[in-house]
Every structure is written in structure tokens, then in C-alpha cells.
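Here is a short report on one structure. Look at it first, then read on.

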Amino acid sequence: MNRRPACEEAETAATAIATGSPLVQIGLPTGTRSTGFEASRRDVLSLMGFSLGALGLGSGCRAPVQHAVPLPAASTEMVPGVPNLYATTCGACSASCGLVVKQRDGRPIKIEGNDASPLTRGGTCAAGQASVLSLYDDARLRGPVWLGNPVSWEEIDRHIKTMLNAGSGDPRAVVLLSQTITSPSALAVLNDFRVAFPSFRHVVYDPMSLAALREANRLAHGAAVVPHFRFDRARVVVGLEADFLGTWLAPVEFARQWSRRRTADGERAFHVQCESGMSVTGSNADLRLAIAPSELGPFAVALLAAVARRVSDDGLAGLRGAGLAPDAPHAAAIDRIADALARHRGEALVVTGSNDVATQLVVAKLNALLGGVGKTVDLEQPSLQRQGDDAQVADLIQQMNRGAVRALIVWGANPVYDHPDGVAFTAALKKVPLTISLADRRDETGAHVRALCPDHHFLESWGDAEPVRGQFSLRQPLIAPLHDTRSGVESLLVWAGRPTDHRTRLRDFWQRELHPRALGAGPFEGFWERSLERGVVEMPQPAVAVHAFAGDWQGAVRDIVTRGGRPPTEAYELALQETVGARDGRHANNPWLQELPDPITRLTWGNVACIAPATAAAQGITTGDVVTLTTEVGKLELPAFVQPGQERRTISVAIGYGRWAAGKAGDGVGGNVFPLVRVENGLRRASAPVTLSKTGRRARLAPAQTHFSMEGRDIVQTMALGQDKHEAEHEHEHEALPNLWRERLHGAHAWGMSIDLDACTGCSACVVACQAENNVPVVGAEQVRKSRIMHWMRIDRYLEGDGEDVISHHQPMMCQHCQHAPCETVCPVLATTTSSEGINQQVYNRCIGTRYCANNCPYKVRRFNWHNFTANDDFPFNMTSPLGRLVLNPDVTVRSRGVMEKCNLCVQRIQLAKNQALLQRRPMADGDVATACQQACPTGAIVFGDLADAQSRVSKLLAGRRAYRVLEDLGTRPNVGYLKKITSKETT
Amino acid sequence: MSAGDIPITTSPAVAPTDLVQPTRWIEGSPSLHRITTDIAQPMEARPGRGWWICFGIASAALLNLLGMVTYLFAKGIGIWGLNNAVGWAFDITNFVFWIGIGHAGTLISAILLLFRQKWRTSINRSAEAMTIFAVMCAGLFPLIHMGRPWDCFFIFPYFPNQRGPLWVNFRSPLVWDVFAISTYFTISLVFWFMGMIPDLATLRDRAVGGIKKFIFRILSMGWNGSQRTWSRYEIVSLVLAALATPLVLSVHSIVSTDFATSLVPGWHTTIFPPYFVAGAIYSGFGMVLTLLLITRVTMNLQRYITFNHLEAMAKVILLTGSLVGYAYATEFFNAWYSGNVHERFHFINRATGPYAWCFYLMVLCNVLTPQVFWWKRARRSIPVLFVASILINVGMWFERFVIIVVGLHRNFLPSAWGMFYPTVFDIGILIGVFGLFFTLFLLFIRALPMIAMWEIKGVSHD
Amino acid sequence: MTERYMVGSFAEPGPLLSAVATLRRAGVAIHDVFAPYPVHGLDQAMGIRRSRLPWVTLLAGLTGLTFALAFQYYTAVFDWPLDVGGKPENSTLAFVPICFELTVLIGGLGTAGAFFLRARLFPGKREQLPVLGVTNNVFAIVTHVPRESNDGDLARRIMLEHGADEIEEREGTS
Amino acid sequence: MKVRVIVIGFAALGAGGGLLARGATRIGVHQGYAPEQPIAFPHKIHAGDNQIPCLYCHSGARTSRHAGIPSASVCMNCHGLIEKQTTEIQRLKEAVQQGRPIVWNKVHNLPDFVYFNHSQHVISGVACQRCHGAVEHMDRIEQAAPLTMGWCLGCHRSEAHVPTSTFARVAKNVRDRPTPFAGEDCTSCHY
């Protein structure tokens, strides 16, 4: 079972899928059992067998018989061993990025970005990369559940329909509570539902709400929309508590836009970030100011005033002197920012994540004043995400309590966990006769409903999305449903009394609604096929009607000024923070994301209370002390983490942790901070006054990195903006060190990689991509504590300075593929050598695990299998579950205990590309091979290619002035090079 | 046949021994027969309570070792405290420590033989035994520290195999180790056994038959004290000594290259070979001293292991200890003088970092302790010698620990810095190996002549 | 054929030495002398030539050296030249340690082996003792006693003069 | 006589050791393995007598890592028309009718850490028989080659596209020719 070779495995999987037999019966995809104990045991046996044979008592015994199971009927689609790629749409968050999913032998194993998508251009995020693992999550429901008992769909439909139709004419509402739905076809289905049940209402719910932004735009421009921000059109970007590179709105798209303006030298954009807790965005800003959430409004006002002064618009006379008191901090900085903004009218963009209407209105005014509307702020083709309406949710809870709701369908939302009044919501649920959850598992909300009608995973289902008006994208299933689940759309249709299967419905919708608008699309058949194949379609939509800014900004300013800045009474403010790993908590049971080190704190498996060094010193708190955070609505105990860059009087806590019904991996990890904030006048706050107290207990964190100073070593190198154009003075930097030995010539290729530290935001998509591609095991918090994390690619983080003003660097670090590799010389068994193509190759089946190579590696990128991390109940993660193992890449050996492993530049992809070139009888071309990390990167910071080809992109990049090698003076001659980070203090 | 005790002094044919010998390496002037009986007595008499207590403790520790190694093989070295930053710690520390212990034995038996040092005669046998047992203990670690010990044979270049032209990497110090250690073990064993043949014959002839005689007959290979054999025998001993001397120097030099050839700050040092050899002899003599101080009492051999022996060893310890101290100083100087940022940081970290206490403990034990031996009274005082010998071994163990762990836990990239904390298995195996060593040694002193009779006879009657 | 021997045992090395010297001067053929430890000067007294075993050591050592060098060179340069850390395939300096170790190993084992062969010692060989206690505290001289001469008496007389404790005549196969 | 005993002893020891060594190198080598199959499919008749090309059934070998075993439906391409009915063919038809896959016993098994790509070798004109033996003469398939690493290298070294040494010997033509794949890089097969 353990030693099924890939071939037979593949075919069995295929069979299982084809014949619909439960996949759980499938064992490991290819794995190096034979480098493990079993193998040795078998060999001992056969050695015994031999000696018996030698004694003439019988022949040596054999390895267990292995089977090969071909498909009963040949499939033209699927050749065992040949991966297929299908375009689809990501369902990890409402950004709905275009994807291309790699399907091997009938099962999706790797998610990649869709280069055709005009929004993401092939980028992905960590959560998106990891979502393929959620497909194989053991915690998913195996089928519908009615009142706690597994039942058939027919039965549960009967129950539900009777209860729904019972009170036809019943005034009490039928409510669908869902996250933002970006799928036009699904929204159309809701109309059918509305027809069937006149009392139907659709309440949209977002854990991290932007209701205020839409409200502000309604007031300002007469359209309650989330604008489509265009960072690629901005020369000056000011972010106010909006982590748009990491988690805010559409991070993949924004990161790409942002980086395109950053790397364009000369025209380089200037990025200011004002935030309380250090975020991915803040850590990449040219200028970062630490301000408390309550200072956002005043800050915005002050900025408006400062800008107004410069653009001297008389209409703003009333503003002079408004905003922050002259003694306020950042006064100088504000002038600097205002200068920059004013200098670039029409190319300036100010965004804020604040959920306060007044603040949003002031920012809207700022953008209008700076001529951003229609340029950097697109209101006419707005974003269709974050449509959540907090007021309606609050209202819904009241109605439920009043008994005014007879049926509640929860789809993709989990309010019991992530609503500030989760408890109240739970109570309210009891008052609703019929409660249905479409969640894929029995989550916190699902635990309190009558009917669980599990939806497909997005890789199993059809669908479409329109994340930005006019930008459509299709979703198609990559695998037959693993369990007895049903698409949410189908469920709704069934209950609405017009059962149709999702695909037909989708196709009809596109034929009816979208095809006519697609100009010059030709007949629908072709259009449909092309769209499916391409995954994304651009179809211009009629512009949303907006008028010039007409909001009562003076009123907003007055509100803010009267409200004042920080309420003086309490000491601290709590700020909720979304992190790239946990996001809003929906992926909590995904071990890849739990073990993904946060790019800022580098912590895994849990959240912490981030405290400024000054505050920590004052309170006598050190990292690891368990502190109690108490707001007027709740309290939470968390380990403290001293975070340079943190605003002095703010404590930031990551959301998405502390779930109790997510599944084995996610339950009880960290603490849930949602209940600590409140809903004030219909808006969810992301911050609250909080008091801080020590419990005296200590907690053991699980950090992937413990030291953040570069100790004055030249590890992350920077150069001032424009410096890369100066010729002479940098010549010497490129003089190679003398070679002690005869120069070795490479074979046909010399694979190398270039990593642009200026483009890397630290978003960590590459880390998860690498983990997914290379079967990197999850080891769990305890092993991470022992610094035994297995990631082949890590993103080192360095800080310069301390306190609130810190400069921080992200540096992706993986095997540098040295041509003079220290690891190779010391390996006694030649388990690691340099290939003729310059790859530092690691041979697992030869490795005996002396760990000498790791000791001698100056980059410390080698990873040792301290335990058997696969099929070992001590490590109950995806590699232990028969279902979870289906995500393993059959083209990469699963390493057994006791062997060393590390990045091998995705050599399996190189081999594949070489083979394809061979089959097509052509030489390889630049770009034939993209490593997993490169493919995932939203900013294109990673470029892989052939250094033997002087014309390849990577060769050119590494020949450039910004190129350098880490620890070059050691003479290791790496094939992986870095491009220096550019520091710009001011726009040019 | 006359086997009576004839007092030597009454024999006119021989000058009084005290005139022959400047220092007396044997108390009194026992007759040849007396020497035989004295040395054979531990093997023929029932073991005393002291022996049983020691043996009980030792074998308990040995059992613990077996248990833990079994668990280790079953679970993987994850049960140790090692991690991505610190890939070696107790395992290789113990390895280097035990190899070092071995060196004194060879040194005493070989080098002192070449220098015709008579005082070696009463201690060389047990010292060589110690060498062999120590090398066995050391050899354990390269095996069990592997991630996949069942594949350990990969490290030997053997033929035929399934991998065609794939051999081993002769550039790797670990492969050098394999050859150095196995050679060292083999040669030491041969040397030890050769030296024992005449005594085995003596025992054979004392044995009154039965299994004992049978075994000794096989081992003694028909030795009958023929002068023609004796003369060849002495030549062979000289040759083996001449071979063992450079060998012993090479072994620890090669072990030191495990570190010296790497580029880890604090490892990458040219001073290592001589420094390691000095340290090895140093710790080895420490261990010999510990053993002899115990055995001479428990086996009442004070007559043959005299204060003169102890003092001579104390002098060697003083010398080598000072050499080691000098090496420490040199390392720091070079770090400062090199101006290399990583090297400098390493030594600052060594003296002020989280493992600084190990460093100071090591300096205290290795550099300061032996200085008491400038005083003759200290060199001849049993308690002082005993305490010192223990401290020296503690110190030398920590020396290796400091070199290995401090070198690894904070090197080039600060992002990859880590800490090593030993687990119960690290410590258990450390103790267990002492159990293995002492069990073997205790069995040795019961089963074989722990002092070379024929050499004693030669010394006392020439 | 059987031979006759004269066996004289002594308690002390001194008398033994002088006895041996006198016997040789008197031209008595000394078969061998047995002692519990190598008595100084006995070789000269008996006129034993210095052993040639060191030459064996030299040869064996050179064999080891050559083998080590050839083997490493063959595997690293000819059989499968691999790029190990960019180092030259023939990294001669790196081969030195193993060359040395094998020289010593083969040299040492060769010498020991040669010794056992030459001295006709092998495990389990039944010992041939002239008198009991030669491995403990007795020294013994064994001389040939040709039948057709009175050397026997001569030898007996000399040994008695030098204070032999006991003298006996034996028959034995050589 | 004692001498003889010892000599014999040593001889026996040596012989035993030799045998052991030889046996040890056969561990995991299943040359000559020829298991029973659920359907006694005779390659002799198909590939031999009827000259059916290997790639007709094992079409995967052209494009994929895995040569693959043909689906029953492929068998039926011919057997749907052939009148001749044997019990074996009956079994086949049953399987097809019931749509259940046939569970064959795999003969040529490589360890899981070895990635052998059939298409690479087929396209470069390596005859199937070179590894699988004279299949067209086999009634029951048998593992002809030892399939050890040494054995693979045998060909790779004599016909490698990449020079053995990465020293100056790199041929210019290497880069012009379709990318070489074989060579002796560990990563040619192990990753």
C-alpha cells in the first residue's frame, strides 16, 4: 500500500474518480517509503531470504506484489502521468482571482495564477495557494445533515421545502445571510429565490467591513460603491490603515499595480503608509508613520488641510488650522506628504480602511481635491467586493430575536464566530424555525442550525465571478465531488422549486445575460468554450452614474474635530489586524496557512498581542508574557509580542484565530479577538479602547525566526533611488572573487534565479506555493518551537532601528545553488553534488543524514526530517490522512525520516519542460520553466532561467547593477542572486 | 619443579635493584613469582565489594544506553534537542570526547616505549585497554547520529554494489574519519593483543585446566618464551609503536578537520589539529589518572602503580593543559586579528552569549585546574589528583560542546539563529556511554592482566 | 627422527647469561633459551641475528599507500567524476589522510601477520615448554646432544657450574 | 591436522562472506519476476505472432512518464471483432460488461524515489526490448533486466548526451541540439 508507484497510483485515482468509488481508499501517492524503515525491513527480510536460499531452503522472498489498475474505459482527456491545466476562479476570498489549476491523474494538486487575468496577471496569494489543501480537508462534511443526523439530499430537501413552503404568504422573512457574492449568476439565482419567496431578503456580511467606504461614496458621489483603486496610475500613494499589499480588498491585484509603479525607475511612485500595527504594506512603504486608529480622522483632516493650503482652493478656507493640534506628532511629516501629493495632482491616491464614514468622506474629498476621481479612484467601473452592510446584519439579529425571520440560510458566512455579537447571534438563531448552513463543515454557526447542506469546494464546482465591474471570470470543476455535497446554487434552486444543475444554469445565464454584451464574441458555443479555456473575459459594463464630489465634508471635518482624537481616559487602543496567513479565519483548518510564518512577526500557529517596545518596557512586559486585553465588551488572554513599528499606544491583534469548530488543525489555535470590538451606529469597528494587564503566566510562541537585526552584516543590500544609474563608483562591486580551482563549465544549461528585493513585499505566496509543489511537510507548533520548520523557502525579515520608526526588509531565502557549495564537499556519500546544469542536487535516497551539509551551509537553508512527518500520528496533518495525501505532487518524492532536503529549483518542472521540448523536437526557450515560487509571486520579484543563455531575462537581471549575491565574500558563487532594494526618501 | 619464593637480595649474581634504578617504579623488590601472583590475583580472587558496586552502577548505565538507542532508532533523532540551526551537539561532542580519551593509551604505550620510558610499564596495559574501549564508545556516535543508521554502509566504499560507479566522497572529512577511526582501532587492538600474549601464556600455565586453560591456550597462540621469538617480538613491538605514534597524532588531527575544513565561524581554524591533539592527550591522561587511582586501590596494586607514576602523569597533564590554554588564547587573538566580522562575532558570542557559562566552565577546568601541578605536593596527593582528573574531563567535554554548539547556533545569517537545549535522551545517552566504557573496563580488569607482567619482570630484574 | 636435548633450568637471568656464553664458547649447539621476559644481552650471547621484519612493514606500508592513492584516484577521477563543490576531480590533498591511514593499517597488520607466521604462532597451538614455569619465573637452556659425542656431559657440566637448579636429558622430535 | 581445521575454517568463512556479499547486492532486485496475471495475457501472440506494435496498447509511453496498461476498452477494439473465444477472452469481456477495472500484477517496479520517463526514452529511439527483454517471445511477462541504478547508468554512460565530466569537454553542439535529458545528473532520475 505504501509503496504504490506513481503510475498505478495515478490510475487507481483515475479509476476511483471515474467509477466514483470513494477516494479515501487511495493510499500514498509516490513516496519514499523505500528510503524509510519499511524498506530497510523488507531488505533485511530478503537478506534473510537470501541466506536461506544459500542454504538451499528456498529462494529469497520478494517485495509485496504491486498492482496496476487501468481505467475500465480509455480516457482521451487524461493520460496517467501527464498533468492537465484548467482555468478556473479562486474561491479563497471575494477577490476571485483567476487561476490555472494543475490536475494530475484526475486530482487537482497545485494552484497557479492565470496570466490571462488582466487584474492579477498570474499572481496569487498565500491563502489562494493553500486553498487546494482545503479541498482534501478531513473536517469537511461528507453529506447533508438534518438535526445532527446524516441524511440523503432528497430527505433534507423534503424537510426544508415543507418548512419553506409551509408559510407561503407568511410575512416573516426568509433571509439569506452570505458573504459578499461576486458571482453574477449566483446573484441572478437569488432573484429566482425572491420570486419564490416574496419575503426573501439577502443580507451581505463581511467580517472586515467597508460599509463606511460605500456610504461615504454615496454621500460624496451618489453611488454606494467600493471604488476600483488604481495604484498603477498613482505616483504618490498614501495608505491610512489599509493593508492593500497584504490583505485589504484585492491584495494580489493591488500588489501587482503597486510594484509596477515602484520598479519603473525615475517614474517610481512614493508610498506613505500610516498605520497602528506593522503590516505587510507598512513594511514596504517609503515612509511609514505609526498612528493610532483614533488618530486616523484627525490625521486625514490635517492632511486635507495641508493639501488644501497647497492647492489653494478657496472653497477650503474653512479648513485652515483644522485637524490636528499644531503640537501633534507627524506635523512635519504631514507637510512632506502634502507636498508630494500636491506635486502630483491627478496621480495621487489616498486610501483608508477606516470604517468611519466621516473619515472616509474626508479621504474622498482628498482624492477629489487631488483630481484622483476617474483616474486613480475608479467609481464608474467599481470593485464589487466587500458589499457587506453592517447595519442590515445588526437589524437582522433584532428581527430574528423578534421572531420576524422564519428561515435563515447562512452561506459562506460564520457570524457565530466572527461577528462582534456572536453570542447574541447564537441566541437569535434559536428563535428562527428553519436555519440552514451551506458551509463545507459543521463550523461555529453550523453547530447551531437545523440543516447542514454542504456546498462544494470551489475546485469541485461551477461558477463565475465579477470581482470588478466588467471583469468576468469562470469557474469549472477540477474533480468530481469528493463527498456527497451539492453546489450552494443548486440547493437554492431546488428549494426555490426550480431544480437545475449548476452548469446548465451557469451556461444559460452567460448565454442570456453576458454573451449579448460581449461585442464581437461570435456564436455562443465558441464564446463559451473560449471563455472556459481562458478563464477570464473582459466585458465592458455600463458605467455607474456618479457625480462630482458633493459630500458635506465640512460636516465630516466638524464631526472628527469635535470628536477629537484619542479619548484621553483609557491608556490603549485595540486594533484588529488581518494577516496574510489567517485572513478572516475561514482557512483556519488549513495547516499550510497555520504554519505559514507571518511576514511581520514570523510567528506560526497562533496570534499575539503586538505591543510597542516603549510600552512593553514601561509595563515590564516581554515577548511571551500572557496579557489580558479587556474592552468594554469582552476580554481576551494572549501572549504579548514586542513589535517594533507598533504605535506606542495601540495593541494590534490578528483576527482569524481562536476558532473552536474549524477542525483538528485549526481549533483552539490563538484567541478570537472579534468579540472585543463593537458595532457602533450600524458600523463594525476595527478598534476599541482596551486595558492591558499581565497575568504573570508565560506562553511558548512558535517563531520561525528569533533574531531580526542584521548585526551590521551586508545581507540585504540597498541603494538610493537613481544610484543604480551612476556608472563608475559601483564597477568594483561586480569584480568576481578569484576562483581557487579550474573554472568548471556547465552543461547545456546553467539554471539560476534572480530575486528582486525591491519588488518583494513579503506576502508569502511563494512559501505556500513551494510547500504545495514540493510536498513539504507540516510539522506543527512544537517542532517549529524547536526551530525545525521544514519550509524550503522562507522569507527572512530584518529590522533596522527600533521603536516606532523602523526600516524593515523582506528577503526570500532558499538554497542558493552555490557553484562552490560548502555542503557538497562535506557530504560523505555524495548525496549532494552540483549537476551539469548548475543545480545543487539533493539525492534523498542516498542521504544517510549526517547533517554535516546543513551545518556547513552558510545560508542555513537545508531542512532535515527529524521525524517521520508522513503517515505518522504524532503529526496529524494532511500527510497523515489518506484524504490529505491526495494533494501530494506525484512528481516529487515524499521524503522519509532522517534525510536532508532543500530547494532544488523545482527540478521536476525543469525535467518536464525539457521533456516537452524534446517531444516537440525544439530547443528550450527562455520562460519554458517557471518555478513554483516564481509563478505564485504577484509582483514578479522572482525570475528563473538559464544563465548559460546570455539573452535570458535572468542573465540580464543578474548582470545588472543592482545584482548581488548574499555572503558573496565566502566565495560560494551562488546561482541565485538578489537585486538590491531601492530606498527613496522622496519622489523625484 | 621449583616454584619457591627466592628473595632476590640473597642472590649474589644480581646487583641490588635500588642501585640499578634511579627512580623506583616498583615498591619493594618482589620476586618474579610474586609479580605473577600479585598481578594474576585480581583475576583469580573473587571480586571485592568495591568492584561489584562499580560494576552495578556501570551496567545499569549501559542498560539505559541500550534502551535509549533502541528508542532512538525507532523514533528518529528528533528525540534529541537538535534543530535546523544546530545540527550537531551532544552526539558529536561525545564522539570527539571519547576519541580524545583514547589517545593517552596509545601515547603511553607507543611513544613512551619509543622513548624507553620505564615508568610506562605498569600502566600501559590498562591505558591501551582504555584506548580500545574509548574508541568503541566514540565509534558508536557516528553511527547513531545518522538520520538513517540502517543505511550506514553507504559510507564505506565497497564492491560489488547496485549503484555501479557511485562510490563515496573522499573529500569529506567524515570519510577520513571512517578510515582513521577504524585504522586506529585495529592497530591499537593488535598492539594491545601482541603485548598481552606472553602474559596470556603465563596465565595459561597457571590455569589448572578447564575452560580457562582452553581459552588462554587459544589466545596465547602457543607462546613458550623462546628467546628467538622474544627477539622478533621486541622488534615487532617497536615497529608497531613506531606506526602507532604518527597514527595517534593523525587521528585527532583528522577528527579536528571535521571542523577545520568547514567554513563555520569558530570551526574554520588552522590551529585545530595540534590543538585537538594536545587536548586529546590532556583529557586522555585525565581519564587514565581517574581509572588508575580507583583500580590501584580496589585491586590493591599500589606496589606497581606508585606515586612516581602518578607524578609523571601529573606533569604531562600540566604540560598539555597549558598547551590547550594557549590554544584558547590564540583563537581569540586570531579572531580579533583577522578582522572577519563573522569570526569576531563568534568569539564575542562565545564569551558573552547564552552559552558563555559553558565557556567559562571550560576555561576554569582546563586552564586553571592543572596549574596546581606546579607544586610537588599536589602532584603526589591522591585527593588533588583525583579531583583534578575529574574536572579535566568535565572541562574537555565542555570544550567540544562549546566549539560545536556555539559555532553553529549563531552563524552567518541572523535570521537562522537558534538555540540548542538537550533533551532527556541527549543526557541519558551521554551517561549511558560512560556506562558502556566502565562496564568494559571493569570486565577487563577481572578477565585480563591489567599490568604487563613480563615488562614488570624485565624492569624489576634488569 | 628423534633427537636428544639437554635442558637446564635457572632461577636467575645472570647465571643463565654466563652459562649461555660459556656453552657457545665450548661449541655446544644451543637449541633455544626460554625466559619469562626478554633478557638483555641474551641475543648477543646466543648470536641471534636482528630480525628482518621491519622490511615486511615497509613493503606492506607501501602496498597500502599505493592502493589508497590508486583507489581514490580511480573512483574520483575515472569511474565517476562528479562536481563536488566545484573542487577539482583529482583533489590530491584531500586524498592524503586516507593514504596515510591505509599505509599504517596495512603496514601494521602485515608486520603482525608476518611475525606470527615466522614465529609459527597461531591460535590454539599447543605450547611446547622445556620446563614448567618458563612463563613465570624459570629460565631454561636447551642444547642439542649429538648421540656420537660427549657434548651432553660437557653441557651438563657447564650448566651445573653456572648454578642451574636442575638438568635433565630428553628425547624429542624437533 | 589442527592446521587443516583452521585452513578449512577460514576458507568456509571466506566463501560464506562472498556469498553473503553477492546476495546482499541482490536485495530488492527482482530480475526474473514473473507473477501470475488475472488474465493470462500472452505477449507472444500479440506482440510476437500478430506483430502488434507495443505503443498501440501502451500508448502512454509516447507522451507520458508511464507506459500504462491499456484499458479493457482498448482490448475490445480488436476482440470485439475476433470470433475466437477462450476463457481468458471471456474474462476480459465480463470485465468490460461489468465496467470493472482489471487488477494486473505489476512486473517492473522501480522504487518510489526513481523517476523514469518512458516518453523520453521512446522518443530517443530506445527500443522497448532493451529494458523489457524479448517481450514478443514471452507468454507471461517477466522482468528481464535487474533495473538497478548501475544497470541504468550502463546505458546512460555509454550514450549520455551530456559529457561525463562537467569540465571543459562541454560540446558546443549540446546547446543547439534538442535539450539533452539523460546524462548522469542525479536529478535526471531522483527528485
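Helices (H or I, at least four residues) and strands (E, at least two) are DSSP runs, numbered from the N terminus. H4(C) is followed by C:Arg120, whose phi is positive, near 50°.

This is a predicted model: local features need pLDDT of at least 70 and side-chain atom pairs count only at pLDDT 80 or more, while totals for chains, interfaces and linings use all residues. Residues are numbered from 1 along each chain as its sequence is written, chains are lettered from A and ligands numbered from 1 in the order in which they are written, and side-chain values use heavy atoms, with hydrogens and water left out.

**Cores**

In soluble globular proteins, nonpolar side chains tend to be buried together. A nonpolar core is a set of buried Ala, Val, Leu, Ile, Met, Phe, Trp, Tyr and Cys residues joined through side-chain atoms within 4.5 Å. Buried means under 20% relative accessible area, exposed over 50%, partly exposed in between (1.4 Å probe, protein chains only). The largest core here has 286 residues, and A:Phe229 and B:Trp98 have the most contacts inside it. Helix H9 (residues 272–298) of chain B gives the largest share, 14 residues.

**A sheet in chain A**

Four strands form an open sheet in the order S39-S32-S41-S40, with mixed pairing. Two strands pair if DSSP finds at least two bridges between them. The edge strands, S39 (942–946) and S40 (963–964), each pair on one side only. Strand S32 (residues 751–756) runs antiparallel to S39(A), joined by 5 bridges. A:Trp751 stands opposite A:Asp946 in S39(A).

**Cysteines**

A disulfide is a pair of cysteine sulfur atoms within 2.5 Å. The whole structure has 0 disulfides over all chains.

| Cysteine | Nearest cysteine sulfur | Distance |
|---|---|---|
| A:Cys823 | A:Cys857 | 6.3 Å |
| A:Cys937 | A:Cys763 | 6.2 Å |

A:Cys823 counts as buried because its relative accessibility is 7%. A:Cys937 is buried too, at 15%.

**Chains B and C**

The contact (heavy atoms within 4.5 Å) takes 63 residues from chain B and 73 residues from chain C.
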